[in-house]
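Here is a short note for a colleague who is new to this structure.

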Amino acid sequence: DGGRKRILRRLGPEANDALDEFLELALGYERKAPASLQGFLAWLRTADLEVKRDMEISRNEVRVMTVHGAKGLEAPVVFLIDTTSSPSDTQRLKLIHLPPHQATPETPKIVVWVGRKAEDPSVVAAARRTMLAETEDEYRRLLYVAMTRAADRLIVGGCMPGNMNTVRKFSWYDLIRQGLDASGLQLQTVETSGGTVKRYARPDGDAPITGQPATTEAAPVELPSWLSEPVPQENNTADLLRPSAAAAEDDGRRWRSGDSPQARAHALRRGTLVHRLLQSLPDIAAEYRREAALNFLRRNASDWSKGERENLTARVLALIDDRRFAAVFGAGSRAEVPIVGRLMREGHPPVLVSGQIDRLIVTESEVLVVDFKTNQPPPGSAAQTPAAYIRQLALYRAMLASLYPQRVIRTALIWTETPDLMEILAPALDAELGSDVKA
């Protein structure tokens with residue numbers, strides 16, 4: 001759908017490698033696990049992935065890199081743009097590592113927080129000098145790496161420190177200047193509007209520069225007008241439906257006029273706790289479920305009385321142990337299954353569906369979709385069931401039909417307060433979804 005083109009227009013060709021690697025990871029995940037966006041993101045977060053780009057490929061582009069990132073690379077022209085800072089600028093020595101006294105080299109160092117340098121004890125002063133020496137050694141090693149990246153030209157620049165009239169001693173700029181002054185190279189000084197430029201070259205190198213550098217006389221670059229315009233809002237051609245959220249909103253509207261805000265909040269909280277227990281308890285051995293449920297409620301409903309917590313635990317356990325629902329909570333059933341997909345409608349734009357199935361049971365012959373509802377009191381028949389609940393199941397059935405075309409898709413609601421399982425039959429689902437929708 002032109003997504004890659006839009007990304008590259010925004011981020012540039014550098015994004016190609018990352019896009020290719022991301023798509024390869026997505027295809028690899030689909031070969032190993034069910035195609036789930038939530039599962040893929042969880043796997044991606046825990047995976048230790050590193051994308052290595054082949055930087056040796058010659059491209060007509062400018063690369064902005066750190067010295068560490070440039071190791072092993074070479075370019076015709078290299079700019080060192082920040083050479084006037086000293087190593088102490090990037091490491092304020094407040095935490096000093098003290099070597100353990102009379103210990104093996106593998107023993108961890110002791111770290112102390114220090115104040116002013118003049119107040120250092122002798123041991124801390126020696127450790128501070130050691131750390132400074134190590135920092136300066138690393139500073140010089142990086143300078144060697146930076147200078148040896150250039151094949152033809154090395155341009156050295158930097159900003160003069162605001163509180164100084166000269167460049168810091170032993171900064172990269174100072175070290176480079178000292179080295180080049182003593183190198184025997186030809187020096188040419190060129191005065192420009194931005195200051196003095198020093199050019200060092202081999203005696204048999206290019207002809208010396210005469211007059212102002214060409215760059216100072218170049219015409220100003222005219223930026224394209226779109227650079228200062230806000231990015232236009234991208235229009236999604238497909239509507240997004242979240243059946244789980246829609247059903248939850250419908251729950252929020254179904255209150256009796258006499259219910260107080262506190263009663264409504266309590267009921268919503270109770271429903272959340274019931275869903276969480278029904279999700280987790282079936283995976284715990286039966287003899288440990290009661291204690292696990294009570295521990296969970298003590299943490300998440302500590303303001304409830306002991307009797308309320310025990311009553312809710314008993315209701316949930318009775319629901320899980322009910323033989324009528326053995327298949328719902330038995331082996332092979334899955335809880336909180338994310339489902340994302342696209343529904344095509346004849347004569348209408350496509351619809352994107354994103355939801356969460358409370359319980360999914362897949363067998364060789366059929367698929368059962370179950371959604372838990374905590375309504376008080378529950379409806380007496382399927383005809384009295386809120387339309388949002390039926391629409392939710394209808395969308396789930398339509399999405400699963402494309403995944404399991406050879407199996408019967410059944411849907412049901414479990415009313416946790418009764419408890420009762422109410423199957424919603426195909427005619428009601430088709431009527432609610434609309435005859436113009438197909439998976």
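In which strand is the place of Glu336? Glu336 belongs to strand E8, residues 334-345.

This is a predicted model, in which local features need pLDDT of at least 70, side-chain atom pairs count only at pLDDT 80 or more, and totals for chains, interfaces and linings use all residues. Residues are numbered from 1 along each chain as its sequence is written, and side-chain values use heavy atoms, with hydrogens and water left out.

1. Positive phi at Glu336. The phi of Glu336 is near 50 degrees, a positive value in a residue other than glycine. Strands (E, at least two residues) and helices (H or I, at least four) are DSSP runs, numbered from the N terminus. Most residues other than glycine have a negative phi.

2. Positive phi at Phe170. Phe170 also has a positive phi, near 65 degrees, and is not a glycine. Phe170 sits in the loop that runs between strand E4 (150-156) and helix H5 (172-181). With 44% relative accessibility, Phe170 counts as partly exposed. On this scale buried means under 20% relative accessible area, exposed means over 50%, and partly exposed lies in between (1.4 Å probe, protein chains only).

3. Salt bridges overall. The whole structure holds 16 salt bridges. The term stands for a side-chain nitrogen of Lys or Arg within 4 Å of a carboxyl oxygen of Asp or Glu.

4. Asp321 and Arg289. These two residues form a salt bridge whose closest N and O atoms are 3.6 Å apart. Asp321 lies in helix H10 (residues 306-321) and Arg289 in helix H9 (residues 286-300), so the pair ties together parts that are 32 residues apart in sequence. Asp321 is exposed, at 52% relative accessible area, whereas Arg289 is buried at 13%.

5. Arg31 and Glu24. In this salt bridge the closest N and O atoms are 3.7 Å apart. Arg31 is exposed, at 62% relative accessibility, and Glu24 is partly exposed, at 46%.

6. A salt-bridge network. Asp322, Arg324 and Asp420 are linked in a network of salt bridges. Within it, Arg324 and Asp322 have their closest N and O atoms 2.8 Å apart. Asp322 counts as buried, at 19% relative accessibility.

7. A buried loop residue. Where is Glu417 found? Glu417 is in the loop between strand E11 (408-415) and strand E12 (420-424), and its 14% relative accessibility makes it buried. The C-alpha atoms of Glu417 and Leu312 are separated by 9.9 Å, while the two residues are 105 residues apart along the chain.
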